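Trainee: I would like to learn how to read a structure feature by feature. Could we go through one together, with the general idea before each case?

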Amino acid sequence: MVRALGIDAAGKNWVAVASDLRAYAAPTLLGLLEVADADGTVEVVGIDMPIGLPDGADPRLADVQARQVVGPRWPSVFMTPPRTVLAASTYETASLEARRVMGKGISQQAWALRHRILEVDTVVRSVHRRIFEVHPEVSFRTLAGRHLLAAKSTWAGLEERRGLLAAEGFVLAADLGWPGQVAGPDDVLDAAVACWTAQRVAAGMAVAYPDPPEQLDGIAASIQA
């Protein structure tokens with residue numbers, strides 16, 4: 001059986017949930033893959049981070065279509081900035097570059113994730129692994145077969161998502177060890193649904209947005225669900 005891994009950013013760490021329900025955490029993506037591989041080689045990875053960066057004013061088709069898919073949860077999908085914006089030294093410089101390239105500024109959320117986005121870009125280009133982009137809200141929308149109205153930061157939203165995962169066999173232990181101590185509940189659930197999607201990719205059941213993927217800087221960019 002294919003061993004899959006779902007990954008999400010969690011503060012200063014990455015957190016992951018494997019298809020055997022083991023959880024992992026590490027400060028770097030390569031370190032996380034290494035510790036997960038120690039329990040059995042991971043063959044497919046789903047990660048909640050953009051893969052394939054735009055190079056101009058046009059937004060990624062993956063981001064545009066993901067917003068359409070999640071409906072009322074569309075603010076959860078941020079538009080991925082170009083590489084030149086993410087490489088800026090300060091938020092002010094990044095905002096100026098974003099306005100020059102895209103005609104509008106960059107969100108604080110995207111700026112805060114810049115190191116993570118560039119880390120994923122480097123790893124995807126340097127390792128021979130099946131790593132796919134996942135957006136948790138797109139995956140949860142697919143899993144539920146309907147729009148989710150409550151945010152995952154609310155009790156209702158958290159319980160709804162946990163119930164959806166449990167129905168698919170993703171019943172996580174109350175004690176996840178160190179990963180459970182460094183990651184928030186929503187981070188763990190996002191990693192779990194990313195693993196669910198990675199399993200669908202392995203089984204040839206996943207849906208891609210867009211399909212076929214958009215080619216961005218030599219990378220096939222699409223969100224799997």
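Trainee: At roughly what angle do the axes of helix α7 and helix α10 cross, and within what distance do they come?

Mentor: Before the answer, please keep in mind that this is a predicted model, in which local features need pLDDT of at least 70 and side-chain atom pairs count only at pLDDT 80 or more, while totals for chains, interfaces and linings use all residues. Residues are numbered from 1 along each chain as its sequence is written, and side-chain values use heavy atoms, with hydrogens and water left out.

Mentor: Two packed helices are described by the angle between their axes and the distance between the axes. Here the axes of α7 (residues 136–144) and α10 (residues 185–202) cross at roughly 65 degrees and come within 9 Å; the axes are lines fitted to C-alpha atoms, for helices over the stretch in contact, with angles from 0 to 180 degrees between N-to-C directions. Helices (H or I, at least four residues) and strands (E, at least two) are DSSP runs, numbered from the N terminus.

Trainee: Which residues of α7 and α10 make the contact?

Mentor: Contact means heavy atoms within 4.5 Å. On the α7 side the contact is made by Pro136, Ser139, Phe140, Thr142 and Leu143, and on the α10 side by Leu189, Asp190, Val193, Trp196, Thr197 and Arg200.

Trainee: What salt bridge does Glu160 form, and where in the chain do its two partners lie?

Mentor: A salt bridge is a side-chain nitrogen of Lys or Arg within 4 Å of a carboxyl oxygen of Asp or Glu, and the structure holds 17 salt bridges. The side chain of Glu160 meets that of Arg146 in a salt bridge at 2.8 Å, N to O. This pair links distant parts of the chain, with Glu160 in helix α8 (residues 155–167) and Arg146 in the loop between α7 and α8, 14 residues apart.

Trainee: Are Arg60 and Asp63 buried or exposed?

Mentor: Buried means under 20% relative accessible area, exposed over 50%, and partly exposed in between (1.4 Å probe, protein chains only). The side chains of Arg60 and Asp63 meet in a salt bridge of 2.8 Å, N to O, and both residues are buried. By contrast, Glu160 is partly exposed because its relative accessible area is 22%, and Arg146 is partly exposed because its value is 39%.

Trainee: Which residues are linked with Arg22 in a network of salt bridges?

Mentor: The network links Arg3, Asp20, Arg22 and Asp39. Within it, the side chains of Arg22 and Asp20 meet at 3.6 Å, N to O; Arg22 counts as partly exposed because its relative accessibility is 40%, and Asp20 counts as partly exposed at 36%.

Trainee: What is the value of phi near which Leu21 lies?

Mentor: Most residues other than glycine have a negative phi, and most peptide bonds are trans. Leu21, in the loop between β2 (13–18) and β3 (23–26), has a positive phi, near 75 degrees. Asp217 also has a positive phi, near 55 degrees, and is found in the loop between β6 and β7 (219–224).
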